[in-house]
Amino acid sequence: MNKHDLVYLTEDASHDAIIELINEEAFGPGRFTRSSARIREQGPHDRSLSFICADDGETIASVRLTPVTAGSVKGHLLGPLAVRPSHKNKGIGRELVRIAVEAARRAGSQAVILVGDPPYYSQLGFEKVAWKALSFPGPTDPGRILVYPLAPDVHARIHGVIGWRDPADVSVFDAVDEDEDYEPMLRVANG
């Protein structure tokens, strides 16, 4: 039995090249044509809310959060989420999503939004957005637009255009307790 010594860390610039390779393996060249990629082209993801998983020092998975406005909801777009083929089906992607959603919550985000597989993400707490409620910058299957609400009225306000949001717009984060320390690093050993 292979033993894995997994560590979850906040992404930094030293991870850029390996994250690009992991995303290329997972999604191929078509990843740049997706509507979510159009949003990410509008502005950078938030490194402080993006995470990697390393196994014995080797980065083997990542997830990124990009600040967005979706209708009147100020939240984050999750993705890409990718795990190297050698480490699939070990719960790493699920743990990265859990860590990212919790980080978004602590940062005061109102919602985490993604375009993804409803059967997979619904098990992680994501819900379908109302049919054609959000307009993405490019063709998007409305049945794959999901949200993890972090505010009580998200579904009522998540109607309109979705696009990148300048993270300097901190007015959305009024509920954040700035004295609260948060370090999302987590060490998990699997046998």
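Colleague: Which residues touch the most other members in the largest nonpolar core?
Modeller: This is a predicted model, in which local features need pLDDT of at least 70 and side-chain atom pairs count only at pLDDT 80 or more, while totals for chains, interfaces and linings use all residues. Residues are numbered from 1 along each chain as its sequence is written, and side-chain values use heavy atoms, with hydrogens and water left out. A nonpolar core is here a set of buried Ala, Val, Leu, Ile, Met, Phe, Trp, Tyr and Cys residues joined through side-chain atoms within 4.5 Å, where buried means under 20% relative accessible area, exposed over 50% and partly exposed in between, with a 1.4 Å probe and protein chains only. The largest such core has 28 residues, and those touching the most other members are Leu78, Ile92, Leu96, Val112 and Phe126.

Colleague: Which element supplies the largest share of this core?
Modeller: Helices (H or I, at least four residues) and strands (E, at least two) are DSSP runs numbered from the N terminus. At least two core residues come from each of strand 1, strand 2, strand 3 (58–70), strand 4, helix 3, strand 5 (111–115) and strand 8 (145–149). The largest share, eight residues, belongs to helix 3.

Colleague: What is the distance between the end C-alpha atoms of helix 3?
Modeller: The buried residues of helix 3 include Ile92, Leu96, Ile99 and Ala103, and the helix is followed by glycine 108, whose phi is positive, near 90 degrees. The expected span of a helix is 1.5 Å times one less than its number of residues. For the 15 residues of helix 3 the span should therefore be 21 Å, and the separation of the end C-alpha atoms agrees with this, at 21 Å.

Colleague: Which residue forms a salt bridge with glutamate 11?
Modeller: A salt bridge is counted when a side-chain nitrogen of Lys or Arg lies within 4 Å of a carboxyl oxygen of Asp or Glu, and in this pair the closest N and O atoms are 2.7 Å apart. Glutamate 11 lies in the loop between strand 1 (4–10) and helix 1 (16–27) and its partner in the loop between helix 2 (35–42) and strand 2 (51–55), so the pair ties together parts that are 36 residues apart in sequence.

Colleague: How many residues apart are arginine 84 and glutamate 25?
Modeller: These two form a salt bridge whose closest N and O atoms are 2.5 Å apart. Arginine 84 sits in the loop between strand 4 (73–83) and helix 3 (92–106), and glutamate 25 in helix 1, so that the pair links distant parts of the chain. Arginine 84 counts as buried at 15% relative accessibility and glutamate 25 as partly exposed at 36%. Their separation is 59 residues.

Colleague: Is glutamate 41 buried or exposed?
Modeller: Glutamate 41 forms a salt bridge with arginine 38, with the closest N and O atoms 2.5 Å apart, and the two are separated by about one helical turn because they are three residues apart in helix 2. Arginine 38 has a relative accessible area of 25% and is partly exposed. Glutamate 41, at 55%, is exposed.

Colleague: Which residues form one aromatic cluster?
Modeller: Rings of Phe, Tyr and Trp (its six-membered ring) pair if their centres lie within 6.5 Å, with planes under 30 degrees apart counted as stacked, over 60 as edge-to-face and the rest as tilted, and three aromatic pairs result. The rings of tyrosine 120 and tyrosine 121 have centres 4.8 Å apart and planes at 85 degrees, so this pair is edge-to-face. Phenylalanine 126 and tyrosine 148 are also edge-to-face, at 5.4 Å centre to centre and 75 degrees between the planes, and this pair ties together parts that are 22 residues apart in sequence, because phenylalanine 126 lies in the loop between helix 4 (118–122) and strand 6 (127–128) and tyrosine 148 in strand 8. The cluster consists of Tyr120, Tyr121, Phe126 and Tyr148.
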